[in-house]
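User: I would like to go through the salt bridges here and hear the reasoning behind each label.

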Amino acid sequence: MELLRLGAVGAERPYVRAADGTVFDLSSVTADIDGAFLGSDGIARARAALDAGSLPAADVEGLRVGAPIAKPAAVVCIGQNYAAHAAESGAEPPKDPIVFFKHPNTVVGPYDDVLVPRGSTKTDWEVELAVVIGKQARYLSSDEEALACIAGYAVSNDVSERAFQLEVSGGQWSKGKCCETFNPLGPALVPADEVGDPQNLDLKSWVNGEPRQASNTRDMIFSVAALVRDLSQYLTLDPGDLVNTGTPEGVALSGRFPYLAAGDTMECEIQGLGRQRQTLTQA
């Protein structure tokens, strides 16, 4: 099954898509797909209601697809977690995870427009596997404990402005990562137990229909489990928090491709998690 949030911005409602593609209204189980839902065995309750046949089928034709989680309290990101991307960025592969944050209000729907910031000259794309936390992660001691804290996975686009990130004020990553609309997420939240091995997922991106990134999560330097375990030593992750796990090679920062401009389109896809598409417009 897949968890969805559909509706106008700020008025999204929770839905679940069954294996046969039928979409059901989940509002009898929860008012929203958020940290409170995920932290109270929400996925198990949604699955039980779906299996019991107690959810009404929904006509969702024409409804906007929102981000599959509501208002994450934290968006934690990992930099240079694929060796080839570190190389194209001009850096050695990190010995420890590089951690930075995006403002939670950067999270938007998977098909919403992305705004090119005023003054931007180097807006870039980054397909990433997003981890959604389902149980508090604090001082974890094993990869098994870390994986048990994950509710599910989604497609994320860690949109970046490289001049803001690397040049303004001598380089401050958050300045290039926190512009409005800079984290399209979704289309769906897929439960962790239905994804299987998170270290064997193909991920790809396109700009204006032309291929850009093509890799697999097996190429991560630090695995999903290792990242969650490591983060838990320095901060507490709560249900509903989002972790972007890094992007593979093939971004504009490499110098191989032009940066984005208003009118361009981006697409990101991860095996089993869906595909998203955005059009860029000027802020």
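User: How many salt bridges does a search of the whole structure find?

Analyst: The search finds 20 salt bridges. The model is a predicted one.

User: Why is the contact of E2 and R17 called a salt bridge?

Analyst: The N to O distance between their side chains is 2.5 Å. The cut-off is within 4 Å, for a Lys or Arg nitrogen and an Asp or Glu carboxyl oxygen, so the pair qualifies.

User: Why are E2 and R17 called partly exposed?

Analyst: E2 has 22% relative accessibility and R17 has 29%. Partly exposed lies between the limits of under 20% for buried and over 50% for exposed, so both get that label.

User: Which salt bridges does E12 form with R5 and R64?

Analyst: With R5, the N to O distance is 3.4 Å. With R64, the closest N and O atoms are 2.9 Å apart. E12 sits in the loop between β1 and β2, and R64 in the loop between α2 (42-52) and β4 (75-79), so this second pair ties together parts 52 residues apart in sequence.

User: How do you know whether E12 and R64 are buried or partly exposed?

Analyst: E12 has a relative accessible area of 14%, which is under 20%, so E12 is buried. R64, at 21% relative accessibility, counts as partly exposed.

User: Which residues do salt bridges with shared partners join into one network?

Analyst: That network consists of K102, D124, E126, D158, R162 and K177.

How values were computed: Residues are numbered from 1 along each chain as its sequence is written. This is a predicted model: local features need pLDDT of at least 70, side-chain atom pairs count only at pLDDT 80 or more; totals for chains, interfaces and linings use all residues. Side-chain values use heavy atoms; hydrogens and water are left out. Buried means under 20% relative accessible area, exposed over 50%, partly exposed in between (1.4 Å probe, protein chains only). Helices (H or I, at least four residues) and strands (E, at least two) are DSSP runs, numbered from the N terminus.
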